[in-house]
Amino acid sequence: MQAARPTRAEFQVRPMKVLVPVKRVIDYNVKVRVKPDQSGVDLANIKMSMNPFDEIATEEAVRLKEKGIVSEIVVVSIGPQQAQETIRTALAMGADRGIVIVTDERVEPLAVAKLLKAVVEAEQPGLVLMGKQAIDDDNNATGQMLAALLGWPQATFASKLEIAGDVATVTREVDGGLQTLSAKLPAVVTVDLRLNEPRYASLPNIMKAKKKPIEPKTPADYGVDITPRLTVVKVAEPPKRSGGIKVASADELVAKLKTEAGVI
Amino acid sequence: MAVLVVADHDRSALRDTTHKTIAAAQAIGGEIDVLVVGSGVQAVAEEAAKIPGVRKVLKAESEALDHAVAEAIAATVLPLAANYDAILSPATTTGKNAFPRIAALLDVMQVSDVIEVIDAKTFVRPIYAGNALETVTTTDAKVVATIRPTTFKAVAAEGGSATIESVDAPAASVTASFVADEVTKSERPELGAAKIVVSGGRAMGSAEEFQRVIEPLADKLGAAVGASRAAVDAGYAPNDYQVGQTGKVVAPALYIAVGISGAIQHLAGMKDSKVIVAINKDADAPIFQIADYGLVQDYKTAVPELMAALEK
Ligand SMILES: Cc1cc2nc3c(=O)[nH]c(=O)nc-3n(C[C@H](O)[C@H](O)[C@H](O)COP(=O)(O)OP(=O)(O)OC[C@H]3O[C@@H](n4cnc5c(N)ncnc54)[C@H](O)[C@@H]3O)c2cc1C
């Protein structure tokens, strides 16, 4: 069903488009294995999924659309051809259309931010909603870098988001507890785990998502040089903890902690 | 070579994350300056000036810098950047928020969450929740990095006498502004700095039970309190208690996990603890694979017995 066309007055209060960048990563349940030649981690035949934080960002965008605050959700992914599948997942959750920027190169947060800046300039969203970190590289940098390059305000690690007019009020998870920040739109908001619980796409919505458009692009289309700045020297296994022992009782535990470990 | 370290403090004193980040700066090499930002931070600047090996303390005093707003911190650091080969912050939420902004404006790819300095351009950092360690060399002219404090040994706090200089502080940002803080108040040691941490998991079942079981045990040991994500999500504990890949990283002398299964995302935040104790009624819980001492028992009997044994 087509939504009723907004009147001119309505359009002025809610014309907002949201951009949601999503990344295809190793599924969070998979046990990662380092390659014997230390060139990276083994991704062959491994289950890949949408970065969990990006699912939360997508969910939030869909909720904003359901509330009438957002008019259109554009999802963008940068990565190999299969990044399309990640976009399809977001489309099945309720996003409207996708842009896939295809490259087989390693793309660092700075290059991703430059590509996203170009997409933002073309699409003119009022808000970019994205995950606070990707669970593969654990950089926690792309959203902040994008905000910097755009000269936009940033509100990171969001566990609550409210939008009224052109102001986003964001509750952020910080080391000391919670911080509330207000940011004038357009802005970049990066999301934390407790913002929402993402929905599962229904079968009809998965079918519908197959018909939604995904526009293929390349980094060259945006004139962005994505050459990595960091050279990966090696990827190694972390040191293993040697296995411990089982104690039979709390008394034995305390005795061990006092005499053997000397920590209490 | 010169390195700028942005200090972490609570406006009355430095946090030891600052001393640990200075240790990373020393490993990079060169002159070390420390930047202290915020209003009324003269005492903090004086404390930083006493750290041996610090050349200069730069002080940017402004209320606009009191709430760790990234735009304000970036506006303070950027004009200073030309003087430094490396700019470092501890990987606190403040550093994680502001530093990528600074890096992007310098057209530098940040090195996030450094756990080891190999040389001035080469660093080791955890990826995949710490299941792999990546060694990277930056080709950028400048290094912008956040430092994981738990893996560096704090430098001495006393003995130096650096000069203190004022630098320009920005006016309040017009686009992003602070509204409120909801700080978790506690008499206990800070989670990141505590010698002992007692953490509770989903097994607690309620906030009341978490407070009844975990907190008295922590208090008996003079410990900080931590939690798994499941416990925080369920509202048993505040968000800043979360230990793990996406919460805090801790490495105390003793970490006691009560009713926590040991998901890789949790282990990412505590597996560098010196001694790990697990109390879990499931003998097959993955936490036992990394625990030095495992007690397979229901916490409902194990924790009271532990309290009693500590009394003896
Ligand atoms: C993107 C992402 C990021 C994440 N980040 C984090 C993070 O930073 N930190 C984190 O902790 N998790 C994180 N998680 C979640 C993580 O995957 C686990 O779901 C979580 O750690 C489980 O918490 P838990 O061990 O308390 O709960 P559970 O896995 O449910 O374990 C509860 C344990 O309690 C034991 N138990 C139950 N009753 C008793 C009893 N009476 N006595 C003794 N033992 C009992 C059970 O045997 C079980 O082992 C993340 C997940 C994702 C997807």
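Analyst: Start with Thr246(B). Leaving aside neighbours within four places in sequence, Thr246(B) is in contact with Phe53(A), Lys132(A), Gln133(A) and Leu193(A). Contact means heavy atoms within 4.5 Å. This is a predicted model, where local features need pLDDT of at least 70, side-chain atom pairs count only at pLDDT 80 or more, and totals for chains, interfaces and linings use all residues. Residues are numbered from 1 along each chain as its sequence is written, chains are lettered from A and ligands numbered from 1 in written order, and side-chain values use heavy atoms, without hydrogens and water.

User: Why is Thr246(B) called buried?

Analyst: Its relative accessible area is 15%. Buried means under 20%, exposed over 50%, and partly exposed in between (1.4 Å probe, protein chains only). So Thr246(B) counts as buried. Thr246(B) sits in the loop between α6 (229-233) and β14 (254-258) of chain B. Helices (H or I, at least four residues) and strands (E, at least two) are DSSP runs, numbered from the N terminus.

User: What makes the pair of Thr246(B) and Gln242(B) a polar contact?

Analyst: Their side chains meet at 3.3 Å. A polar contact is a pair of N or O atoms within 3.5 Å; within protein, one must be able to donate a hydrogen and the other to accept it, and residues adjacent in sequence count only if both atoms are side-chain atoms. The pair at 3.3 Å qualifies.

User: Why is the ligand site called shared between chains?

Analyst: Residues from chains A and B surround the ligand, so the site is shared. A residue is near the ligand if one of its heavy atoms lies within 4 Å. There are 29 such residues, and the closest are Arg202(B), Ser228(B), Val243(B), Ser261(B) and Asn280(B). α2 (52-66) of chain A, with α6 and α7 (264-267) of chain B, each supply at least two residues of the shell.

User: Which polar side-chain atoms lie within reach of a ligand oxygen atom?

Analyst: One of Ser228(B) lies 2.5 Å from an oxygen atom of the ligand. One of Gln265(B) lies 2.8 Å from an oxygen atom of the ligand.

User: What makes a set of residues a nonpolar core?

Analyst: The members are buried Ala, Val, Leu, Ile, Met, Phe, Trp, Tyr and Cys residues, joined through side-chain atoms within 4.5 Å. The largest here has 133 residues; Leu127(A), Leu129(A), Leu161(A), Leu35(B) and Leu88(B) have the most contacts inside it. Helix α4 (residues 109-123) of chain A gives the most to this core, nine residues.
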